[in-house]
Amino acid sequence: EVIKAVVKGWYNAHIADNTRKRKNKSSKYYSKLGEELKVLNSSLSEPRFGYGTITKVMSALGVLLIYLVVGATIFSRFERGQEMDVLADRIQHVADAANISPVCEAKLRHVMESEGLLNDYRYWDWPSSLFFCVTVISTIGYGATAPQTQEGRWFCIAYAFFGIPLFSFALSKINSIILGIFTKLWYCVYPPDSSTSWLKYSLFVFPIIILCVLLLGGIVFVEEEGWNYGDSIYFSAITLSSIGFGDIVPESTTAQMTTTIYVMLFMGCMSGFFFHFEEAYAYLFSQLCAFLEKKIKPCAIKTTKSPDEHVTQKSPASVLMKDMKKDNFADVKVAIP
């Protein structure tokens, strides 16, 4: 009986201690998450457009443009020579096959353009190299263009390692201005005093922003490339989300420069959309967990016939006590000095 009492007391104390620790840990986690959401809500409700913000945005944009210009120049220098060699080989091959003298370059070029043999002639001129740099540091990576020389490939590795963080930093600064404007417009309709203002902001404002950005991209690329409206919106969504399948890629120089500006201005909006929806999911999940903790009782502890005795299923102590009952330890007399 003494052994049974000791085992029951120790086991009940152990279960109670673990339950108390688990509740304290969960309550601290949810309180910390709630504080973070309040801070985020207050930061969204007070957009700032001071001199410091404008200076940071212009500085980040200037550094990014310099980085793109330098990268485009180096890539064009590494890859343009090989591209011109390939073009010369094609011209010579067509001249030999068609019995045309290479002196008639204008006529030969017209023939090759009609056959589609010069489609990759300008992959590594300076504007195309600039467009390639944007696809590298934005992690879009259409795959239509890739370095062919060893120097270009090694430089691409280093350029991506240093350029991707720089591009993310510049996007965050540009995005702060764009989202700040939409935030002011939003809180003109919904004042920041509402307790659900942050959730409304995440679930309603960001989809509206993304929809406007995609519609704008659809209009622009219909005019630039002559695509239909569905393909233009599809290209805009795949580009801004940095998926970059490469099935639809702008070919004209004007469209490539437009895509560069479009990515630099609005890719941060798509990133902000993903981030705020992730936070909204975390908030909803925390509310769901809190609700379940209140409604669902722990299944590990079951109450026996005696109200003050708690036995856990399949626990070592319960197995030990069952063995004690089978062996009838009640008849054993314990001598207490």
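Predicted model: local features only at pLDDT ≥ 70, side-chain atom pairs only at ≥ 80, totals over all residues.
Is threonine 139 buried, exposed or partly exposed, and what is its relative accessible area? Threonine 139 is partly exposed, because its relative accessible area is 41%, where buried means under 20%, exposed over 50% and partly exposed in between, with a 1.4 Å probe and protein chains only.

Residues are numbered from 1 along each chain as its sequence is written, and side-chain values use heavy atoms, with hydrogens and water left out.

Let me begin with the whole chain. Along the sequence their order is α-α-α-α-α-α-α-α-β-β-α. Of the 337 residues in the protein chain, 34% are buried.

Threonine 139 sits in the loop between α4 and α5, and its phi is near 60°, a positive value in a residue other than glycine. Serine 242 also has a phi near 60°, and its place is the loop between α7 (229–240) and α8. With a relative accessibility of 26%, serine 242 counts as partly exposed.

Turning to helix α4, which covers residues 126–137, we find valine 136, which is buried with a relative accessible area of 15%. If we set aside neighbours within four places in sequence, valine 136 is in contact with Cys156, Tyr159, Ala160 and Ile164, contact meaning heavy atoms within 4.5 Å. Serine 129 is in helix α4 as well, and it is buried with a relative accessible area of 0%. With the neighbours within four places again left aside, the contacts of serine 129 are Ala72, Phe75, Ser76, Tyr123 and Trp124.

Helix α5 takes in residues 150–189, and because its 40 residues at 1.5 Å a residue should span 58 Å, the 57 Å between its end C-alpha atoms agrees; the expected span is 1.5 Å times one less than the number of residues. At glycine 163, α5 bends by about 30°, and proline 165 follows within four residues, the bend being the angle between axes fitted to the seven residues ending there and the seven starting there.

What about the cysteines? The structure holds 0 disulfides, a disulfide being a pair of cysteine sulfur atoms within 2.5 Å. Cysteine 156 is in no disulfide, and the nearest cysteine sulfur, that of cysteine 133, is 8.4 Å away. Cysteine 156 counts as buried at 16% relative accessibility, and cysteine 269 counts as buried at 1%.

Finally, the aromatic rings. A search of the whole structure finds 18 aromatic pairs, where rings of Phe, Tyr and Trp (its six-membered ring) pair if their centres lie within 6.5 Å, and planes under 30 degrees apart count as stacked, over 60 as edge-to-face and the rest as tilted. One of these pairs joins phenylalanine 221 and tyrosine 262 edge-to-face, at 5.7 Å centre to centre and 85° between the planes. Phenylalanine 221 lies in helix α6 (residues 197–225) and tyrosine 262 in helix α8 (residues 253–295), so the pair ties together parts that are 41 residues apart in sequence. Both phenylalanine 221 and tyrosine 262 are buried. Ring pairs also link Tyr67, Phe75, Phe78, Trp124, Phe132, Phe155 and Tyr159 into a cluster.

Notes: Helix = DSSP H or I, 4+ residues; strand = E, 2+ residues; numbered from the N terminus.
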